[in-house]
Amino acid sequence: MSLYSQRGVSAQKEEVHAATKHLDQGLFPNAFCKIYNDFLGNDNNWVNIMHADGAGTKSILAYLYWKETGDITVWKGIAQDAVVMNIDDLLCVGIYDNLLFSSTIDRNKQHIPGEVLEAIINGTQQIFDWLKGFGVNIHYLGGETADVGDVVRTIAVNGTMTARWPKAKLVTNDRIQPGDVIVGLSSSGQATYESEYNSGIGSNGLTSARHDVLNKSYATEYPQTFEPYLNEGVVYIGKHGLKDVIEVDGVKTNIGKLILSPTRTYAPVIKKLLEEKFEDIHGLIHCSGGGQTKCMKYLPGNMRIVKDNLFEPPVIFNIIQQASRASYNEMYQVFNMGHRLEIFTPQDKAEDIISIATAFGIEAKVVGRAEALNKKELILRGNFGEITF
């Protein structure tokens, strides 16, 4: 078993998919999010979507960093993670405006005081105010904040987004076809709308990042941050502290800030692409849970996906891999490894898409392509060799 599995998590979420396989798959089974009839408005030309996601175990890292440094602002990043993991999934079906959001926060009051709740809730509103400046309007309709110390050891920050959208303006992935190229948008760097360097970590694989990178002292001092029945050999097995200084692109930061970089949203970029290049977008994939294998769940038929021009993995992923000694096979299934959004498009349209992303300060390039094949297959090629899924 991989370290990831030994810690009780799964990159592919096989049991979750098995549990939900008999549920209604919606109007467009290949779409990145489930899309349903317009139950709210009863209009055949519109659809409804409700989507739930959250910051995952990244909130535990925020807890550790806050306890070590006293920096309450780290919780705004967790608010952003919970919002972006919703909105960026919805971007992948073409939705970017007039959304409703309800938050769900479960806390252990013994460890999480009211000031942390305030930072998360107010931070959520600040994220919405910020996105409104780009024409992405999300309405905050409250939610549920519960004290459930017998269930949650520290805090869980999640949310649900709802939208009503024109059926004619959906991206369903049904147009993905052999001959399309894949434009990847970098997960790291500093976009024009970001205030500092983003490590690219996102909100997936943070269980590995935490236990593989941080040292055993965290287990001793903060036993509330991990499952007590885990084998000691997989708990905080790294060599780093959150405040360890590291230099990235000539700028000094620390390990904690790298791991806690708020998940980048692509909303300003994708909004512009959907408004100006809608017909050129055959498919959109958010490389979240499942990393670079995510696209295989949404292909409309048999074909081979080849990614042979991948981004160089950002520093944070090199740190995690060196600490965990995980194989490239596992790293590319757990983490985005350099790009977190994929756009399937005809080859002659790729440069226009790259140009728009670049104008927002986000590196973009053709990372691969779709080829004809009588089965579904994914091939990753790079300095690590070749991996086939």
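1. Two strands are taken to pair if DSSP finds at least two bridges between them. On that basis, in this predicted model, strand β6 (residues 181-186) is joined to strand β11 (residues 339-345) by six bridges, and the two run antiparallel. Within this pairing, V181 has T345 of β11 standing opposite.

2. Strand β6 has a further partner in strand β12 (residues 364-371), to which five bridges join it, again in the antiparallel sense. Here G184 takes K365 of β12 as its bridge partner.

3. A sheet elsewhere in the chain is open and contains five strands, arranged in the order β1-β2-β5-β3-β4 with mixed pairing. Its edges are β1 (36-37) and β4 (138-147); each of these has a single partner strand, so one side of each lacks a neighbour in the sheet. Helix α4 (residues 74-91) packs on this sheet, where it touches β2, β3 (99-107), β4 and β5. The direction of α4 makes about 145° with that of β2.

4. Strands of a sheet pair through backbone hydrogen bonds, in either a parallel or an antiparallel sense. One of the residues concerned is D53, whose bridge partner in β5 is G159.

5. The second largest pocket has a volume of about 790 Å³. Its lining comprises 30 residues, of which S195, E196, Y197, S261 and P262 are the closest to the centre. Two or more lining residues come from each of α3 (58-69), α4, α5 (114-132), β8 (251-254) and α8 (255-259). Helix α4, which also packs on the five-stranded sheet, supplies the largest share of this lining, with six residues. By residue class, the lining divides into 12 nonpolar, nine polar and nine charged residues.

6. Most residues other than glycine have a negative phi. N98, in the loop between α4 and β3, has a positive phi near 55°. Its relative accessible area is 48%, and N98 is therefore classed as partly exposed.

7. What is the phi of D249? The value for D249 is near 55°, likewise positive in a residue other than glycine. This residue is placed in the loop between β7 (245-248) and β8, the latter being among the elements that line the second largest pocket. D249 has a relative accessible area of 69% and is exposed. Along the chain D249 and F28 are 221 residues apart, and their C-alpha atoms are separated by 43 Å.

Technical notes: Residues numbered from 1 in each chain as written. Predicted model: local features only at pLDDT ≥ 70, side-chain atom pairs only at ≥ 80, totals over all residues. Heavy atoms only, no water. Helix = DSSP H or I, 4+ residues; strand = E, 2+ residues; numbered from the N terminus. Contact = heavy atoms within 4.5 Å. Axes fitted to C-alpha atoms, helices over the stretch in contact; angles between N-to-C directions. 1 Å grid on protein atoms, 1.4 Å probe; cavity = no way out; pocket = protein on both sides within 12 Å on 5 of 7 lines; lining within 4 Å. Points joined across faces, edges and corners; volume = space filled by probe spheres on them. Nonpolar A, V, L, I, M, F, W, Y, C, P; charged D, E, K, R; others polar. Buried < 20%, exposed > 50% of the residue type's maximum accessible area, 1.4 Å probe, protein only.
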